[in-house]
Structure formats: structure tokens, C-alpha cells
Amino acid sequence: MKRWLAIAAALVALDQVSKFAITRVLARGGIEVTSFFNLVLVHNRGAAFSFLSDAAGWQRVSLEA
């Protein structure tokens with residue numbers, strides 16, 4: 001049981017560190033992969049696929065994870 005908790009904690013830590021690093025790199029303007037494909041930072045302010053993104057703001061409080 002302790003081994004599974006340690007693995008889960010390591011995965012959560014790795015996930016958070018990778019998100020932090022990628023956000024810092026992409027916040028500087030993105031990465032050009034090819035002449036027609038760039039990686040850029042975009043925040044989704046709504047729910048899935050920007051559903052409710054133009055609502056008054058109640059969805060941000062009620063749908064937060």
C-alpha cells in the first residue's frame with residue numbers, strides 16, 4: 001500500500017513540475033515546431049471546449065476542480 005502511495009505522490013509531483021516548466025517556456029512566446037505548427041499557451045476560461053466561456057463568471061466558481 002505504501003509503495004502505491006509513493007508512486008502516486010511521485011506522479012503528482014512530476015505532473016506539477018512539468019506543468020510549471022512548460023508554462024514558463026510557453027509564456028515567453030511559444031515554440032515553433034515547424035513552419036506551420038507552433039506550440040502556444042492558451043488558457044480555457046470556460047468548461048470543456050470553452051463551453052460557458054462567455055458567461056458572467058459563475059461557472060468559474062461552480063466548475064473549479
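User: Which elements have the highest and the lowest mean pLDDT?
Analyst: Helix 1, residues 2-27, has the highest mean at 95, while helix 2, residues 58-62, has the lowest at 61. Where pLDDT is low, the predicted coordinates should not be read in detail.

User: And what does the protein chain average?
Analyst: The average pLDDT is 82, and 66% of the residues score at least 70.

User: Changing topic: how many of the residues are buried, as a percentage?
Analyst: Buried residues account for 5% of the 65 in the chain. The accessible surface is about 6000 Å², and carbon and sulfur atoms contribute 66% of that surface.

User: Which residues form the nonpolar patch on the surface?
Analyst: The patch consists of Val 25, Ile 31, Val 33, Phe 36, Phe 37 and Leu 39, which together have about 570 Å² of accessible area. Strand 1 (31-34) and strand 2 (37-39) are the elements that each give two or more residues to the patch.

User: Where is Phe 37 found?
Analyst: Phe 37 is in strand 2.

User: Why is Phe 37 called partly exposed?
Analyst: Because its relative accessible area is 42%, and partly exposed covers the range between under 20% for buried and over 50% for exposed.

How values were computed. Residues are numbered from 1 along each chain as its sequence is written. This is a predicted model: local features need pLDDT of at least 70, side-chain atom pairs count only at pLDDT 80 or more; totals for chains, interfaces and linings use all residues. Side-chain values use heavy atoms; hydrogens and water are left out. Patches are made of residues with over 30% relative accessible area and no salt bridge: like charges are joined within 9 Å, nonpolar side chains (Val, Leu, Ile, Met, Phe, Trp, Tyr) within 5 Å. Accessible areas come from the Shrake-Rupley method with a 1.4 Å probe; for residues, only the protein chains shown count as cover. A salt bridge is a side-chain nitrogen of Lys or Arg within 4 Å of a carboxyl oxygen of Asp or Glu. Helices (H or I, at least four residues) and strands (E, at least two) are DSSP runs, numbered from the N terminus. Buried means under 20% relative accessible area, exposed over 50%, partly exposed in between (1.4 Å probe, protein chains only). pLDDT is the predictor's confidence in each residue, from 0 to 100.
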